[in-house]
Amino acid sequence: MPGKNATTGGRDARSLSLRTLDVLGAFGAARPRLTLSELSRASGLSLTTTHRIVADLLEWGALEEADGGYQVGLRLWEAACAAPRGLALRETALPAMEDLYEATHENVQLAVREGLEVVYVERITGRGAVRVLTKVGGRFALPATGVGLVLLAHAPREVQERVLAEPLRRWTPYTVTDPAVLRKMLAGVRCAGTARSDRQVTEDAFSVACPVRGVGGEVVAALSVVVRSDGPLTPKALTPAVQAAGRSISRALGWEPARPAGGGRLLGAG
């Protein structure tokens with residue numbers, strides 16, 4: 001338990017700020033509303049400490065009372081919206097994402113990497129689009145998704161090695177769980193400038209993803225379209241549209257593709 005890993009004489013030796021973050025970290029997509037006892041268990045803190053922290057969070061507006069428990073408050077949401085990789089990226093990307101959605105009427109997703117996970121910062125979907133397991137603000141493992149493959153392929157080497165060293169979860173019979181195969185896939189993503197995830201998360205969907213680059217050309221996010229595996233749209237047909245949207249967002253973020261001295265094809269335009 002978080003609060004019991006750093007104790008001295010039975011008392012939590014960590015700062016109040018870290019213990020407060022433990023309480024906030026107890027909330028998630030599967031646990032949007034928690035009681036005081038549930039918060040105490042999830043954070044590893046005593047009921048007395050949890051009660052004191054919750055009282056402060058309620059006063060500040062980070063938490064709100066709801067149906068006998070607590071949920072994340074609007075003031076915390078407002079603070080989170082100031083994150084440059086969240087709201088600013090989302091607002092810059094939305095026009096190109098909307099164009100891509102109008103062209104496909106399928107799931108269009110924008111994601112960033114946080115540690116060893118994907119965090120989805122925006123998604124556009126239609127009523128008839130294929131079902132996906134992701135949601136805005138949600139997290140997912142890096143290796144199985146199109147956006148995750150892009151982000152992992154362009155992550156620092158130590159991040160790649162940590163992912164490859166861990167057991168890879170199998171979501172469907174098509175999920176790649178062999179580290180050697182995944183390593184080859186990541187090299188292919190860097191070479192092709194796009195990633196394809198074929199039925200790796202759900203058996204009825206595949207995705208095509210590409211990088212979104214920042215001012216210096218670094219990969220700051222990934223963009224994807226998720227479509228039905230048995231539908232009329234193919235990866236080959238989707239790739240140019242996804243790449244064009246990714247370049248549009250990258251340029252809006254300040255990226256300028258390098259040109260060869262004699263003109264011709266853009267470099268790094270994956």
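Accessible areas are computed by the Shrake-Rupley method with a 1.4 Å probe. By this method the protein, a predicted model, exposes about 14200 Å², of which carbon and sulfur atoms supply 53%. Its secondary structure comprises nine helices and 11 strands.

**Overall packing**

- Of the 270 residues in the protein, 44% count as buried.
- Among contacts with a separation of 6 or more, 54% are between residues 24 or more positions apart.

- Strand β5 (residues 69-72) runs antiparallel to β3 (residues 33-34), and two bridges join them.
- Within this pairing, arginine 33 has glutamine 71 of β5 as its bridge partner.
- Strand β4 (residues 63-66) also pairs with β5 in the antiparallel sense, over four bridges.
- Glutamate 65 has tyrosine 70 in β5 as its bridge partner.
- A hairpin is formed by β4 and β5, with two residues between them. In its turn, aspartate 67 has a positive phi of about 50°.

**Helix α7**

- In helix α7 (residues 157-165), the buried residues are Val159, Gln160, Val163 and Leu164.
- These residues lie on the same side of α7 because they cover an arc of only 130° around the axis.
- An α-helix has 3.6 residues a turn, so residues three or four places apart point the same way.
- Arg157, Glu158, Arg162 and Ala165 are exposed and sit on the face of α7 turned away from its buried side.
- The cover over the buried residues of α7 includes β6 (107-114), α6 (146-153) and α8 (179-192).

Conventions
Residues are numbered from 1 along each chain as its sequence is written. This is a predicted model: local features need pLDDT of at least 70, side-chain atom pairs count only at pLDDT 80 or more; totals for chains, interfaces and linings use all residues. Side-chain values use heavy atoms; hydrogens and water are left out. Two strands pair if DSSP finds at least two bridges between them. Buried means under 20% relative accessible area, exposed over 50%, partly exposed in between (1.4 Å probe, protein chains only). The arc is that of the directions from the helix axis to the C-beta atoms. Contact means heavy atoms within 4.5 Å.
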